[in-house]
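Hi,

Here is the structure I promised to pass on.

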Amino acid sequence: MSELKSSDKPFDIPKWVVWEAYQRVKANKGAAGVDGQSIEDFEKDRDANLYRIWNRMSSGCYFPPPVRAVEIPKTGGGVRVLGVPTVADRVAQTVVARFLEGKVEPIFHRDSYGYRPERSALDAVATCRERCWKYDWVIDLDIQKFFDSVPWELMLKAVARHTAQRWVLLYVRRWLEAPLQQPDGTIAIRDRGTPQGSAISPVLANLFMHYAFDAWMEREFPTVGFERYVDDAVVHCRSRSQAKMLVRAIEARMEHVGLVLHPTKTKIVYCKGGRRQGSHEHTAFTFLGYTFRARGARDKHGAIFTSFLPAISKDPLCQDRVRHPE
């Protein structure tokens, strides 16, 4: 894999890019896909496997196999379905993901925290805590089945906005269209969405939500602060009337881009302590596994007062959210 490039292929993808993608996949470990090949198995004929990926991607004839659906039990019951691509497909996806990250990371919003360099869920929680002290109301946003609902054409339009490389658009479309192999072996054909768990999914999800939500909020409501972690978001408001107006506006925006706000999980929350706390329908919310509510606190002089603060949620479903924030 030492040769830098080849001029006899329709797509100029350097071999070292495939090599670096493989190093990242190897470091991340992960389970085998539909072919049953583990990373250790891949290693046995590593150079030939990497050459095959490079050759097919550079020739335009790389077609991803189905994604293996894995059901992850939730602590509170039920399952979370993750998609596990093959090792070779994870390498190919990482080639494109790294290319796209370099293009789109500079334009992403400062309050987008999911799967970004030097940002974390805890950073989002910390910023949310500070803003809850400044604003009386929040909207706890929940997008219903986000990863199953993203419209492909809008996704591809967002990708095309940042690159004219035909191979990037070609392979993103093929990964979006790749079928899902269910645990019972049946193949599910999809017409929208991007499976959780794939290497390309985080950057695609962030790019879609950048245009669907972040840039739209900055354009339409530039004074309104928010924190977003992929499909989870908290919006800070000065009044209940502003919050109600924003919920209607965001609901219409999500409908415009093919998404739906969850009718019961999306709620308006009063986030101040004191006597007025109990006179509102919602006085607590959970964001990225942390429950925000009025709690007792001490000031620097030791005096006790009530403040709106986060703490790790005791809800088993929220504990599962900490482990799988996407």
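Two strands count as paired if DSSP finds at least two bridges between them. Helices (H or I, at least four residues) and strands (E, at least two) are DSSP runs, numbered from the N terminus. Please keep in mind that this is a predicted model, in which local features need pLDDT of at least 70 and side-chain atom pairs count only at pLDDT 80 or more, while totals for chains, interfaces and linings use all residues. Residues are numbered from 1 along each chain as its sequence is written, and side-chain values use heavy atoms, with hydrogens and water left out.

Let me start with the sheet. Four strands form an open sheet in the order β6-β7-β3-β8, with antiparallel pairing. β6 (226-229) and β8 (267-270) are at the edges with a single partner strand each, so one side of each has no neighbour in the sheet. Within the sheet, β3 (residues 137-142) and β8 run antiparallel and are joined by four bridges. There, tryptophan 137 stands opposite tyrosine 270 of β8. Helix α5 (residues 121-134) packs on this sheet and touches β3, β6 and β7 (232-237); contact means heavy atoms within 4.5 Å.

Next comes helix α10 (residues 240-256). Glycine 258, with a positive phi near 85 degrees, follows α10.

Arginine 228 is buried, with a relative accessible area of 1%. Its side chain makes a polar contact with the side chain of aspartate 214 at 2.8 Å, and also reaches the backbone oxygen of valine 230 at 2.8 Å. A polar contact here is a pair of N or O atoms within 3.5 Å, where one must be able to donate a hydrogen and the other to accept it.

Finally, the largest nonpolar core has 87 residues, and Met57, Phe213 and Val235 are among those with the most contacts inside it. Such a core is a set of buried Ala, Val, Leu, Ile, Met, Phe, Trp, Tyr and Cys residues joined through side-chain atoms within 4.5 Å. Its largest share, eleven residues, comes from α9.

Best wishes

Methods:
Axes are lines fitted to C-alpha atoms, for helices over the stretch in contact, and angles run from 0 to 180 degrees between N-to-C directions. Buried means under 20% relative accessible area, exposed over 50%, partly exposed in between (1.4 Å probe, protein chains only).
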